[in-house]
Amino acid sequence: MNDKPFIDWGWVSRHLDDVAELIGQHLQLTAIPVAIGFLIALVLATWATRHRRWIGPITAFTGLLYTVPSLAAFALLIPITGLSLLTAIIPLTTYTLLILVRNIVAGFESVPADVLEAAEGMGYTSRQRLWRIELPLAVPLMIAGLRLAVVTTIGLATVAAIIGDQFGGLGQFITEGLQTSFPTKIYLGAGLSLALAFVADFLFIRLERLITPWSRSRAGGR
Amino acid sequence: MHSQTTGHAVSRSRAATVEFDHVTKHYDSVQNRRGAAGAVDDLSFTVPAGKICVLVGPSGCGKTTSLKMVNRLIEPTSGRIRIDSVDISTRERTELRRGIGYVIQQVGLFPHQTIEENVATVPRLLGWQTARRRERAHELLALIGLDPAKYARRYPAQLSGGERQRVGVARALAADPPIMLMDEPFGAVDPIVRERLQNEFLRLQEDLAKTILFVTHDIDEAIKMGDLVAVLEVGGKLAQFGPPEEMLANPASDFVARFVGTDRGLKLLSLFRVGHLPMAEFPTVRVGDDAGTARRRSRTHAFPYELLVDDGRRPIGWIPDKAIPEEGALTADQAVPMSPRLDRRTTLKDALSLLLDANVQAGVVVDRHGALVGVVTVDEIAAWMRQRNASLGETVEGRDGTGASAEGGTEDRRAGPHGVDAHPAPAAADSP
Amino acid sequence: MDVIAWFTDPAHWSGFDGIPTRIAEHLVLCAAALLAATLIGLPIGLYIGHTGRAANLAINIANIGRAIPSYAVLVMLLPISLGLAPTLGYSPTIGLRIIPTFLAMALLAIPPILVNAYAGLQSVDRDLIEAGRGQGLREGQILRGIEIPLASSVIVGGFRTAALQVIATATIGAIVSYGGLGRYIIDGIARNDLPRVVAGAVLVAGLAIAIDLALAGLQRLLTPRGLRRPTTRGFTELAEVPQPAAGGGV
């Protein structure tokens with residue numbers, strides 16, 4: 001049996017600032033792609049809801065991007081972007097697109113037709129309708145999409161470290177741990193990325209409840 | 001941008017005349033494939049200010065299309081719609097809509113806004129101050145019978161179907177528009193709630209006197225709600241336009257006759273109440289009267305019963321002529337227990353039904369203290385209706401084909417839900 | 001280009017490091033993991049979907065399954081797998097190469113299969129099931145005769161998601177010494193051999209897309225005629241739609 005402990009807590013306590021730095025990098029590696037992805041998805045989804053024949057092609061294209069396994073996607077970019085930060089950011093961004101576009105479109109479509117008709121009939125301009133009715137009502141599904149995108153990206157961001165150590169993030173602990181056969185680092189990287197994903201998931205559920213008080217207080221909801 | 005609009009009391013503001021002038025709407029095949037509403041063919045009629053005009057017809061007859069052309073959710077292919085003589089196509093769409101109340105079947109309350117915010121929708125669009133919007137919303141909630149303290153902060157999902165419909169009406173009234181468009185506003189609730197909402201709304205309308213265009217596919221609702229009824233047939237042709245009595249008494253075509261149904265005679269009866277009948281003084285005998293005098297008097301009229309009343313003229317029952325004793329005083333136990341007791345507000349349809357049910361010729365009509373008003377017989381009801389229909393027929397013939405007016409022939413239109421003659425309908429406003 | 005040259009080099013088409021071998025390795029492990037995940041996830045999903053019992057379990061599995069990062073799971077299983085090798089009597093080589101990757105793949109493939117089986121059955125019109133019961137069908141007959149056929153497209157949607165997961169994870173498995181197409185990428189990076197890296201990536205991407213398209217076709221084929229819409233990968237639908245939007249209607 002292996003008598004070395006899986007996790008060397010002494011090492012951990014001596015390297016807390018490294019841990020904090022890598023968590024920070026990981027959050028950055030998650031936030032940037034999700035933010036960019038959300039903006040692109042918002043444009044694509046708004047376009048698709050207004051020009052319905054584009055829904056098919058947009059879904060097919062973002063689906064194709066989603067199908068490429070993460071390690072392959074990072075690898076494919078190396079000849080183009082080298083080992084710059086873009087090599088990690090671009091695939092992580094494209095992964096969010098399918099989820100976000102689909103949820104934003106579903107969000108817009110979830111706005112009941114009678115609500116839109118009432119708004120138009122009462123004299124909302126189309127811009128007022130978008131901002132005051134459609135967007136607020138699409139929020140629950142948008143948030144659900146963001147939640148999924150964030151959690152997925154947290155997981156995929158660890159894979160980027162396989163390509164190289166310049167991206168940082170918790171994947172770097174894992175890779176270094178594997179290279180040096182140091183389980184503490186492996187567990188630290190893996191455990192923290194898992195924890196990060198769950199915390200983000202939880203926070204988004206709270207966020208959604210917080211900003212959609214109307215759906216919480218449903219009379220006889222399911 | 002944001003316009004003026006000063007505050008209005010809840011009761012009685014302005015109303016406007018709505019005029020359809022040869023309005024036609026065609027759909028090309030592409031639009032039809034998208035499930036567009038029915039077409040409309042050369043529609044002309046005028047709704048006088050303060051009246052409820054019900055558009056009724058089978059599905060695909062263009063009634064909803066007609067309604068939506070008034071607030072320009074749909075643009076006519078040709079023809080004009082005028083509000084107080086102003087062609088609506090010259091007005092800016094959103095500004096026009098903010099001045100027209102709009103109620104739809106599925107209500108369309110904004111699920112993410114509280115009831116108070118929902119009601120204050122148009123005032124907000126018009127740029128009212130927060131405090132004033134609030135005050136107005138609370139005022140309207142009270143008006144429709146929802147306690148503001150309890151309901152203002154709720155969300156639509158927390159309301160019952162009937163409550164949502166009422167909020168929909170309140171929202172449409174918020175900026176005190178002269179015109180309301182109502183598209184099957186009570187169509188999504190169960191029949192009992194619907195009946196209550198209809199009555200409440202009619203009561204409200206007595207004070208509000210808005211000009212209302214009301215769409216329904218339910219002929220009974222049309223008859224009940226309409227001062228005027230426009231029957232449309234498939235293809236969007238106006239089959240008949242006029243007061244509901246006229247439509248029931250003299251359907252303009254086979255289509256209208258079929259649409260109103262074979263029981264239109266009974267429907268017509270439901271429009272009138274016992275108080276409409278001319279009730280002559282009815283001879284009575286009083287408890288304690290001398291039997292001999294009563295006996296002699298009974299021979300002066302053909303009716304084989306005497307009506308016995310007490311000192312307060314409250315009817316006790318009928319005494320058959322033959323059962324009147326030779327002498328002594330009349331007592332209560334000599335009378336046969338009474339046939340239906342009606343009051344002035346009983347509809348003629350109900351009165352007739354009660355009479356037939358009790359298998360009697362005559363019903364006693366009493367006032368709210370139980371004192372005798374008169375007696376109604378089956379024959380009198382029948383005779384009165386015959387006479388009415390005859391006079392209606394004359395007015396219809398004397399009218400021009402477009403049916404441009406609401407006045408005519410129906411001076412004593414049935415009362416609102418309160419009862420007879422409590423609110424004689426105001427004379428129709430002058431048309432342009 | 002170098003990548004094309006790499007592909008046309010006959011040396012890369014034979015031997016233990018040849019393209020056919022690597023593809024076979026990749027596919028075999030994927031198939032095995034999918035099979036294992038199906039054996040576990042499908043019955044549970046069908047049970048929950050049919051009985052409606054423990055529906056919260058399905059939803060929680062969906063959420064957890066989505067939150068688990070594949071790389072993290074894989075490496076966490078590695079020391080365990082190595083540590084257990086002497087006790088369970090398998091060779092450390094297998095403990096290093098195959099077991100962690102296989103377990104991670106199977107583990108990650110369970111949630112989409114389970115959840116889509118559940119969601120698929122849930123999506124079947126309750127009236128149809130009532131009608132079946134009313135005609136005297138047994139529960140098993142209802143499941144086989146009504147629910148599964150109607151839900152088959154959604155169920156296959158779960159396999160589609162699971163397949164993607166598995167293919168991607170098998171690629172990452174190369175970092176813990178498993179074979180498969182990921183080898184080219186990992187080795188290429190280690191040797192600074194860019195054409196090898198890119199060739200590996202192209203092969204992986206091509207394989208993933210091909211299998212996804214095949215499953216999408218199957219999904220389409222299984223969708224009852226008259227219900228055909230653009231197909232979707234499953235798994236995500238369930239919690240993506242948190243609650244039906246509060247409509248104004250009744």
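Rings of Phe, Tyr and Trp (its six-membered ring) pair if their centres lie within 6.5 Å, with planes under 30 degrees apart counted as stacked, over 60 as edge-to-face and the rest as tilted. In this predicted model, local features need pLDDT of at least 70 and side-chain atom pairs count only at pLDDT 80 or more, while totals for chains, interfaces and linings use all residues. Residues are numbered from 1 along each chain as its sequence is written, chains are lettered from A and ligands numbered from 1 in the order in which they are written, and side-chain values use heavy atoms, with hydrogens and water left out.

Over all chains, a search of the whole structure gives 13 aromatic pairs. One of them joins A:Tyr66 and A:Tyr95, whose ring centres are 6.3 Å apart and whose planes stand at 80°, so the pair is edge-to-face. This pair links distant parts of the chain, 29 residues apart: A:Tyr66 lies in helix α3 (residues 55-67) of chain A and A:Tyr95 in helix α5 (residues 85-109) of chain A. Helices (H or I, at least four residues) are DSSP runs, numbered from the N terminus. A:Tyr66 has a relative accessible area of 21% and is partly exposed, whereas A:Tyr95, at 6%, is buried; buried means under 20% relative accessible area, exposed over 50%, and partly exposed in between (1.4 Å probe, protein chains only). C:Trp6 and C:Phe7 also form an edge-to-face pair, with 5.5 Å centre to centre and 85° between the planes. C:Trp6 is buried, at 6% relative accessibility. A:Trp11, A:Phe173 and A:Phe182 form one aromatic cluster.

Helix packing was examined next. Axes are lines fitted to C-alpha atoms, for helices over the stretch in contact, and angles run from 0 to 180 degrees between N-to-C directions. Helix α2 (residues 16-50) of chain A packs against helix α7 (residues 126-163) of chain A at an angle of about 140°, with the axes 9 Å apart. α2(A) is therefore oblique to α7(A) (angles under 35 degrees count as roughly parallel, over 145 as roughly antiparallel, 65 to 115 as roughly perpendicular and the rest as oblique). Residues in this contact (heavy atoms within 4.5 Å) include A:His26, A:Phe38 and A:Arg50 of α2(A) and A:Glu134, A:Met142 and A:Thr158 of α7(A).

A:Gly171, A:Ile174, A:Thr175 and A:Leu178 of α8(A) meet C:Tyr71, C:Ala72, C:Val75 and C:Leu78 of α4(C).

Notes: Helix = DSSP H or I, 4+ residues; strand = E, 2+ residues; numbered from the N terminus.
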